[in-house]
Amino acid sequence: MKNYLIIGIILLFPFRLFADEPVKAIYAKITNPDNKEVTVVAHRADWRFAPENSLAAIESSIRLGADVVELDVQKTKDGQLILMHDKTLDRTTTGKGKVAEWTLDSIRTLRLKNGAALRTKHRVPTLEEALLTAKGRVMVNLDKAYPIFDEIFPILEKTGTVEQIIMKGSKPVAEVKKDLGKYLDRIIYMPIVHLDRPGAMQQIDDFMKELHPVAFELLFESDTCQLPKQVRTKLEGKSKIWYNTLWDTMAGGHDDDKSLENPDEGYGYLIDKLGATIIQTDRTAYLLEYLQVRKKRNEHKIDVFH
């Protein structure tokens, strides 16, 4: 019996290594400033296939080949952490009212709505369930998590997903070090910098001096802003550049809608002109297909029909 147990452990160990390999490869790509392969972030996971922030949407993102899923965290009345973008239940579930006024058991009775606001079979997941779904398979960007990260971190440790986490925020570097300092050697932190605002370049310089971030998320409203091209030169070989294509004023009009008309003027502009190597999108499959055609990432099968 003892020999069988030893053999079982030996056989299981390589499998665990293999199971963790996808996320290790993604982590290595994101943290290497010289790697020009474009990282794809699925906003609220693949919500065009399944309800946003649902386990099914996470699974769909992974099948498509996304590198990162962006998920939102809210806290219930009884202190449980769930996936939910809004502070209220009305838009995305069959319930009504504030998340903070519902217990987890009550929220479990609700159904999630899809992108067309129709009731589905899916239910609201806990953060722990989402992390276990993502474990070893995809990186996770936790949004709306900054103020409650002390409560989130024990769940990351419990699920063994600490190294998969990306956190972002707009606070100055001194506040970030004060708020998240004890976690910064365990997670990836990316500053958000609004290039249209005064002091943007100084903010970048401060973070480069103090924290040397893996990447910066940059925002600008239109191409009249000259800083995006300057920032590309400043960060070359030092930190990656993350742009959002969710709507037009996040990346100077080079968004998902522009990309549907002309992907070279949308995604292509951000990559070729502004040095983007991380793009967060609401059209994961479309962006992945474009990147493969452009040979901007390694070969992945895109399962658009699931």
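In which hand does α7 pass α8? The crossing of α7 past α8 is right-handed, a term used when the near helix is turned clockwise from the far one by less than a right angle. The model is predicted, with local features requiring pLDDT of at least 70 and side-chain atom pairs counted only at pLDDT 80 or more, while totals for chains, interfaces and linings use all residues. Residues are numbered from 1 along each chain as its sequence is written, and side-chain values use heavy atoms, with hydrogens and water left out.

Two packed helices are described by the angle between their axes and the distance between the axes. For helix α7 (residues 200-210) and helix α8 (residues 227-235), the axes come within 11 Å and cross at roughly 15°. Axes are lines fitted to C-alpha atoms, for helices over the stretch in contact, with angles from 0 to 180 degrees between N-to-C directions; helices are DSSP runs (H or I, at least four residues), as are strands (E, at least two), numbered from the N terminus. The two helices are therefore roughly parallel to each other (angles under 35 degrees). On the α7 side, the contact (heavy atoms within 4.5 Å) involves Ala200, Met201, Ile204, Asp205 and Met208, and on the α8 side Leu227, Gln230, Val231, Lys234 and Leu235. These residues divide into seven nonpolar, one polar and two charged, where Ala, Val, Leu, Ile, Met, Phe, Trp, Tyr, Cys and Pro count as nonpolar, Asp, Glu, Lys and Arg as charged, and the others, Gly among them, as polar.

Helix α2 (residues 55-64) and helix α4 (residues 127-134) have axes that come within 10 Å and cross at roughly 20°, which makes α2 roughly parallel to α4. α2 also passes α4 in a right-handed crossing. Leu55, Ile58, Glu59 and Ile62 of α2 meet Glu129, Ala130 and Thr133 of α4.

The largest nonpolar core has 67 residues, and Leu142, Ile152, Leu195 and Tyr243 have the most contacts inside it. A nonpolar core is a set of buried Ala, Val, Leu, Ile, Met, Phe, Trp, Tyr and Cys residues joined through side-chain atoms within 4.5 Å; buried means under 20% relative accessible area, exposed over 50% and partly exposed in between (1.4 Å probe, protein chains only). Beyond neighbours within four places in sequence, Ile152 contacts Val73, Leu81, Leu127, Leu142 and Ala145.

Lys144, in the loop between β4 (139-143) and α5 (149-159), has a positive phi near 60° and is partly exposed at 34% relative accessibility.

Methods: Parallel < 35°, antiparallel > 145°, perpendicular 65-115°, else oblique.
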